[in-house]
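Here are my notes for someone opening this structure for the first time. Keep the viewer beside you and go point by point.

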Amino acid sequence: MVIKLLILLAILLISVAIGGPIATCMGFTAVSATLLWLGPKYLLTLGTVVYKSAISTDNMLIPMFVLMAELITRGGIAEDIYYVLAKLLRKVRAGLAMATILACTVFAALCGSSPATAATIGVISYKEMVKRGYRPDFAIGCPAGGGTLGVMIPPSITLIMYGSLTGTSIVKLLMAGLLPGLMLAALMCVMCVVRASINPTLVGAPARHKRLVGSNLSSELSAPEADCYEEEFNTTFWQDIVKAGPAILLIAILLVCMYTGVATAQECAGIGVVVSFILVVLKGKLTRELIENAAVRTIRVSSAMILILAASACLTNVISRIGVASAMAEVIGTWEVNRWIIMGAMIVLWFFLGCIMNVTAMISLTIPFVFAPLTALGFDPIWLGILSKI
């Protein structure tokens, strides 16, 4: 079994190293293993596995949540969220940095995608932060860090993929990801304040903070600098409610539906798409170009993710058929090593893999090999899913 495992890993890693798409690499590995140890007749079984994986009802969540994210991104809703949060926190040291993190948190709860969250909020926040004296590297780091919340806070597309791969309840996974995601967001906000206190130049020097809390420093600043520090927030409280209220209401509806069991995950996704479409219409942003771009982007992203799921299902099936998964579970179970040491080693592996690939690829490549052994050691599948995303 050790030889089979090493051959499987060699084929997979070489395929990835030469630059092959993740789905292609996993599919090629599954086909190679089938020809080596199961015989050509089992290739028909792989076709059945691909078909069943592709038509799974769980896959309905992916295109709907992706479409919801596209509508929200292109409909200007992210700008409204960022504006309101920046206004609320404008008198706090590192207020724009905190507003960026919180905007990422809110947007992650609307789209479920880390790249979309970081890109959308980053485009808005970077210009505003630099304009107000924030150091460029700090202005980039805030949305980059906050964007990672998209893999944790529901509706996380990565958690949906994990649930599809392992047969774990997707609703329970999404519910379990909320609290850790909010805790991470709070820690990021605290870190922004701490770093700004230690090194005020990150947020535009101490003069900016004094000005925002009421000190008259306009005479100490040149005209361009004074203009740089001016905060252009001229809306009323009710106007702010109109700007950010609908997005917050959508998040509340989705969370309440999931936590109370009023709607299934698929129904929540459908509700999200409908409400997002209505919000875009009410904002007057609905155009033919927006619909076409959102639809094309949804098809491309969803197709790629479903193909990755199908390829990963093939690899999982082959690993199970040739006995590698069960053998790994038995071998690890006989080790006289504390299970937390094994988990620590797994976390280190995920850490290094996360440096060279995105979380979707990392989970798709590792879960088929490690899920059975880790659950055999007594780790809860839902807890494991959340930990693998952190």
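1. Start with confidence: pLDDT is the predictor's confidence in each residue, on a scale from 0 to 100. A contact here means heavy atoms within 4.5 Å. Over residues 207–230 pLDDT stays under 50, and the model has 28 contacts beyond four places in sequence for that stretch. The chain as a whole averages a pLDDT of 82, with 92% of the residues scoring at least 70.

2. Some ground rules. This is a predicted model, where local features need pLDDT of at least 70, side-chain atom pairs count only at pLDDT 80 or more, and totals for chains, interfaces and linings use all residues. Residues are numbered from 1 along each chain as its sequence is written, and side-chain values use heavy atoms, with hydrogens and water left out.

3. Helix 6 has 17 residues and reaches 24 Å from its first C-alpha to its last, close to the 24 Å expected at 1.5 Å a residue; the expected span is 1.5 Å times one less than the number of residues. Is helix 6 enclosed or open? It is largely enclosed by the rest of the structure, because 16 of its 17 residues are buried. Buried means under 20% relative accessible area, exposed means over 50%, and partly exposed is in between (1.4 Å probe, protein chains only).

4. Look at both ends of that helix. In the loop between helix 5 and helix 6 you will find A94, a residue other than glycine with a positive phi, near 60 degrees. As background, most residues other than glycine have a negative phi. A94 is also buried, at a relative accessible area of 1%. After helix 6 comes G112, with a positive phi near 75 degrees.

5. On to charges. A search of the whole structure finds nine salt bridges, each being a side-chain nitrogen of Lys or Arg within 4 Å of a carboxyl oxygen of Asp or Glu. One of them pairs R74 with E70, at 2.9 Å from N to O. Being four residues apart in helix 4, R74 and E70 are separated by about one helical turn. R74 is partly exposed at 35% relative accessible area, whereas E70 is buried at 11%.

6. Another salt bridge joins the side chains of K243 and D80 (3.5 Å, N to O). This pair links distant parts of the chain: K243 sits in helix 13 (residues 237–260) and D80 in helix 5, 163 residues apart. K243 counts as partly exposed at 29% relative accessibility, and D80 counts as buried at 10%.

7. R132 is buried, at a relative accessible area of 3%. Elsewhere, salt bridges that share partners join E70, R74 and R297 into one network.

8. G76 is in the loop between helix 4 (61–74) and helix 5 (77–88). What does G76 touch, not counting residues up to four places away in sequence? The answer is K283 and K285. The C-alpha atoms of G76 and K283 are separated by 8.2 Å, although the two residues are 207 apart along the chain. G76 is buried, with a relative accessible area of 7%.

9. Last, the surface. V274, F277, I278, V281, L282, L286 and I291 form a nonpolar patch, with about 600 Å² of accessible area together. Patches are made of residues with over 30% relative accessible area and no salt bridge, joined within 9 Å for like charges and within 5 Å for nonpolar side chains (Val, Leu, Ile, Met, Phe, Trp, Tyr). Areas come from the Shrake-Rupley method with a 1.4 Å probe; for residues, only the protein chains shown count as cover. Helix 14 (residues 265–282) gives the most to the patch, with five residues. V274 is found in helix 14 and is partly exposed, at 48% relative accessible area.

Key. Helix = DSSP H or I, 4+ residues; strand = E, 2+ residues; numbered from the N terminus.
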